[in-house]
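I opened a new notebook page for this protein. I want to look things up one at a time and write down what I find.

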Amino acid sequence: MDFHRNPSTNSASSSTSSTSSAAAHHQPPPSSATDNDPMHSWWESVSKQRSRILSLAALLPSDGVAVSSLADSDRPAVSLLSSPSAYSLISSALSSPKSGSGSDRLCQWLYETFQSSDPHLRLLVLSFLPLLSGIYLSRVHSSDSSSLPSLAGFEAVLLAVYSSEAKSRAGKPLLVQIPDLSQPSLYHAPRNKAVDDRSRQSVGVLSPPLEPHIAVKSTKRAIIVGTALDCYYKQVSQMPAWSKLDFCKFAAAWAGQDCPCRTKLDRDEDNHHENGNVNGNGHIRLLREDSGFSNGTRSGDGDEVDYEDDVIKEVVVVEMNNLGINEENLETKGVRIPLPWELLRPVVTILGHCLFGPLNSQDVKDSASVAVRCLYARASHDLAPQAILALQSLIRLDKNARAAATTAATVTTNASSNANTPSKAKKPEILLVSK
């Protein structure tokens, strides 16, 4: 039945007023009320995640059905983050020879997803950052990079992460407070009377202020990728194991396992013990035999050394076997690249977490141990003092942690074996009483 508007009749006006009141009664609550409703916020977040995952499944091959099924869970982004099959599909798509171009729809999906305000979706994009940056840097610095297609898609994602980090820093540098030993602390009291001089406080610049960039230039590539890895490090504790494994394997490859320098991991505690030369720290030292230097002295036959292409890999494999680390973690996933400090600093920071993160699996720790030693060999070859000190400290801590774990396991095994060993029954005591 149709209603015709007739303002002259009272019945029409009454029906109009009743209709408007009913419509007002069924209107949704104001936006402020819905924003404060946690159920509404949760449902809005889940809806965004489902929409993005379904659009991702449409970009993948026919096996993308496995990805689309993850959209039906209560936490779609978290389900995708922890799905090995989904990672395998996306990794294969990113690793294809034609990936990374400006028309790459998967890179466009990563770019648009990172622009979302949903933290779970942004975390999902960051989890693929090691794979994306590893493939990007390996292709840029490969020998046949001139024949490769444009990598504008990879660069767009990296620039999006860089711009987000630059905006969060608001043009300020990252500073670190350097302890002043003349001031008392929880661990020491200075011999001389402390003077409260604020001007003596030393502050180090961890990262300079970030400049805005609209393109990835060759001179700014290291700082852009390094800043993106800084953003990854902020969320590294929430990253899945496959993301950390990718990062460790790329870091080992970036160091250059085919580096022409002939290096050697000298284990003072084991190799020099027979000669009476024992190092109390028992840490690993790299001797730069390629330049003819060994223990601070130059050898005479330095120019006659037969360089081996994979000497670093072979030496590291031996050391990893001594530490009980599986050799399969040395799988190569990239090529040797330049490692300025702007890029190497976040790499070392992330590797430190992979080594000593309490929730990391043993595979992640072993892979990080390999990467740290490969980077130490590279830093010794490049004579980079900052990297040498940082990586040498990680190697010492890694060896001490593994030695402590081995000792604890031995003690536990001995204790359990002693507990399970049946003890002989004691003879009853006989008391002699004199009459």
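**Entry 1: the whole chain**

I noted at the start that this is a predicted model. I then looked up the secondary structure. The protein has 17 helices and six strands. Next came burial. Of the 435 residues, 40% are buried. I also checked how far apart in sequence the contacting residues are. I took the contacts between residues at least 6 apart in sequence, and 72% of these join residues at least 24 apart.

**Entry 2: α7 and α10**

Two packed helices are described by the angle between their axes and the distance between the axes. I looked up both values for α7 and α10. Their axes are 8 Å apart, and the packing angle is about 15°. Angles under 35 degrees count as roughly parallel, so α7 and α10 are roughly parallel to each other. The crossing of α7 past α10 is left-handed.

Which residues make the contact? From α7 I listed C107, L110, Y111 and F114. From α10 I listed G153, F154, A156, V157, A160, V161 and S164. I sorted the residues in this contact of α7 with α10 by class: nine are nonpolar, two are polar and none is charged.

I also looked at E112, which sits in helix α7, residues 105–114. E112 has a relative accessible area of 38%, so it is partly exposed. Between E112 and A160 I count 48 residues in sequence, and their C-alpha atoms are 9.3 Å apart in space.

**Entry 3: α12 and α16**

Helix α12 covers residues 241–255, and helix α16 covers residues 362–382. Their axes come within 8 Å and cross at roughly 20°. The two helices, α12 and α16, are therefore roughly parallel to each other. Here, too, I wrote down the handedness: α12 passes α16 in a left-handed crossing.

The α12 side of the contact holds A241, K244, L245, C248, K249, A251, A252, W254 and A255. They meet D363, V364, S367, A368, A371, C374, L375 and R378 in α16. By class, the contact of α12 with α16 has 12 nonpolar residues, one polar residue and four charged residues.

**Entry 4: salt bridges**

Side chains of opposite charge can pair when their charged atoms come close. How many salt bridges are there? I found nine salt bridges.

I started with D230 and R169. They form a salt bridge, with the closest N and O atoms 3.4 Å apart. This pair links distant parts of the chain. D230 lies in helix α11 (residues 221–234), R169 lies in helix α10 (residues 152–169), and they are 61 residues apart. Are these two buried or exposed? Both D230 and R169 are buried.

Next I looked up R402 and D366. Their side chains meet in a salt bridge at 3.0 Å, N to O. This pair also links distant parts of the chain, since R402 is in helix α17 (residues 385–420) and D366 is in helix α16, 36 residues apart. I checked burial against the cut-off: buried means under 20% relative accessible area. R402 has 15%, so it is buried. D366 has 6%, so it is buried.

R402 has another entry on my list. The side chains of D398 and R402 meet in a salt bridge, again with 3.0 Å from N to O. D398 and R402 both lie in helix α17. They are four residues apart, about one turn of the helix. Both of them are buried.

I closed this entry with a network. Salt bridges that share partners join E165, R169, D230, K234 and R345 into one network.

**Entry 5: two residues with positive phi**

I looked up A170. Its phi is near 55°, a positive value in a residue other than glycine. A170 lies in the loop between α10 and β1 (174–178). Its relative accessibility is 57%, so A170 counts as exposed.

Then I looked up L383. Phi of L383 is near 55°, which is positive in a residue other than glycine. L383 lies in the loop between α16 and α17. Its relative accessible area is 60%, so L383 is exposed.

Methods:
Residues numbered from 1 in each chain as written. Predicted model: local features only at pLDDT ≥ 70, side-chain atom pairs only at ≥ 80, totals over all residues. Heavy atoms only, no water. Axes fitted to C-alpha atoms, helices over the stretch in contact; angles between N-to-C directions. Parallel < 35°, antiparallel > 145°, perpendicular 65-115°, else oblique. Left-handed = near helix turned anticlockwise from the far one by under 90°. Contact = heavy atoms within 4.5 Å. Nonpolar A, V, L, I, M, F, W, Y, C, P; charged D, E, K, R; others polar. Salt bridge = Lys/Arg side-chain N within 4 Å of Asp/Glu carboxyl O. Buried < 20%, exposed > 50% of the residue type's maximum accessible area, 1.4 Å probe, protein only.
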